[in-house]
Amino acid sequence: MLELFAHPFSSYCQKVWIALHEYGLEARHRMLSPEEPGNIELLAGFWPFRKMPLLLDDGRPVSEASIIVEHLTLHHAREARLIPEDPVEALEVRFWDRFFDNYVATPQQKIVFDAMRPEEARDPAGVAEARAMLETAYGLLERHLPGRAWVAGESFSLADCSAAPQLFYADWTHPIGEGFPLVAAYRERLNARPSMARCIEAARPWRPCFPLGAPDRD
């Protein structure tokens with residue numbers, strides 16, 4: 001039995017949900033929110049950092065989104081695999097997974113978290129650095145994407161599971177813009193993928209919570 005401690009609006013939780021959908025797996029959702037404090041306490045018992053998502057697989061806890069997808073691939077994948085069996089191809093997939101987490105999600109979240117602070121506690125220099133990092137990431141990705149439908153090989157992979165929610169929110173936070181048409185088109189392909197489309201719809205009720213104001217699109 002699979003159980004997922006998660007919130008639908010979290011990009012890292014969406015990474016895992018995309019993998020579950022791609023593999024045709026069902027997991028009991030343990031909602032992490034103030035309205036269900038019991039789930040938060042259960043999470044803390046397995047992972048004292050209280051970071052989401054966390055998967056229980058027959059009672060065994062697995063934390064960190066990328067590791068959860070690795071676990072699902074090892075133990076539950078049927079035909080399609082989100083991480084190639086070939087070690088060289090797998091290394092490429094893992095690189096791009098880290099790229100989206102470190103160089104898209106991290107600066108994006110820096111900007112969002114800064115917007116949640118009181119005015120006197122904000123860090124404009126840090127936000128400027130974060131926006132510059134996103135511009136660099138968009139530029140690198142734009143140069144990488146010609147001739148590619150997916151970011152790491154011919155098949156949808158863990159790297160795309162990471163890219164989908166990270167680019168979704170990054171474009172809300174620091175718009176991709178006309179200078180990166182291939183990145184924008186890639187984001188659209190990701191949004192249209194049924195596994196990601198399900199995540200977008202599941203998260204829709206929480207859009208008013210986005211600190212920068214969710215745009216009227218997507």
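1. Basis. Because the model is predicted, local features are taken only at pLDDT of at least 70 and side-chain atom pairs only at pLDDT 80 or more, while totals for chains, interfaces and linings use all residues. Residues are numbered from 1 along each chain as its sequence is written, and side-chain values rest on heavy atoms, with hydrogens and water left out.

2. Main core. A nonpolar core is a set of buried Ala, Val, Leu, Ile, Met, Phe, Trp, Tyr and Cys residues joined through side-chain atoms within 4.5 Å, where buried means under 20% relative accessible area with a 1.4 Å probe and protein chains only. The largest such core has 59 residues, and L72, F100, L141, L167 and Y186 have the most contacts inside it. Among the elements that each supply at least two of its residues are β1 (2-6), α1 (11-23), α3 (65-76) and α6 (158-173), and the largest share, 10 residues, comes from α6. Helices (H or I, at least four residues) and strands (E, at least two) are DSSP runs, numbered from the N terminus.

3. With neighbours within four places in sequence left aside, L72 is in contact (heavy atoms within 4.5 Å) with L2, A19, L20, Y23, L25, L55 and A77. Another core, of 5 residues, lies apart from the largest one and includes F5, L32, L54 and L56.

4. Strands. In β3 (residues 54-57), L54 and L56 point one way and L55 and D57 the other way, and all are buried. β3 runs antiparallel to β1, joined by 4 bridges, with L2 opposite D57; 4 bridges also join β3 to the antiparallel strand β4 (residues 60-63), where P61 stands opposite L56. The hairpin of β3 and β4 has 2 residues between the strands, and D58 in the turn has a positive phi of about 50 degrees.

5. Helix α8. The buried residues here are S195, M196, C199, I200 and A203. Seen down the axis of α8, they fall within an arc of 140 degrees (taken from the directions from the helix axis to the C-beta atoms), so they line one face of the helix. Their cover includes α1, α6 and α7.

6. Cysteines. The count is 0 disulfides, a disulfide being a pair of cysteine sulfur atoms within 2.5 Å. The sulfur of C13 is too far for a bond, because the closest cysteine sulfur, in C199, is 9.8 Å away. For C161, the nearest cysteine sulfur is that of C199, at 9.2 Å. C13 is buried at 0% relative accessibility, and C161 is buried with a relative accessible area of 0%.

Note on methods. Buried means under 20% relative accessible area, exposed over 50%, partly exposed in between (1.4 Å probe, protein chains only). Two strands pair if DSSP finds at least two bridges between them.
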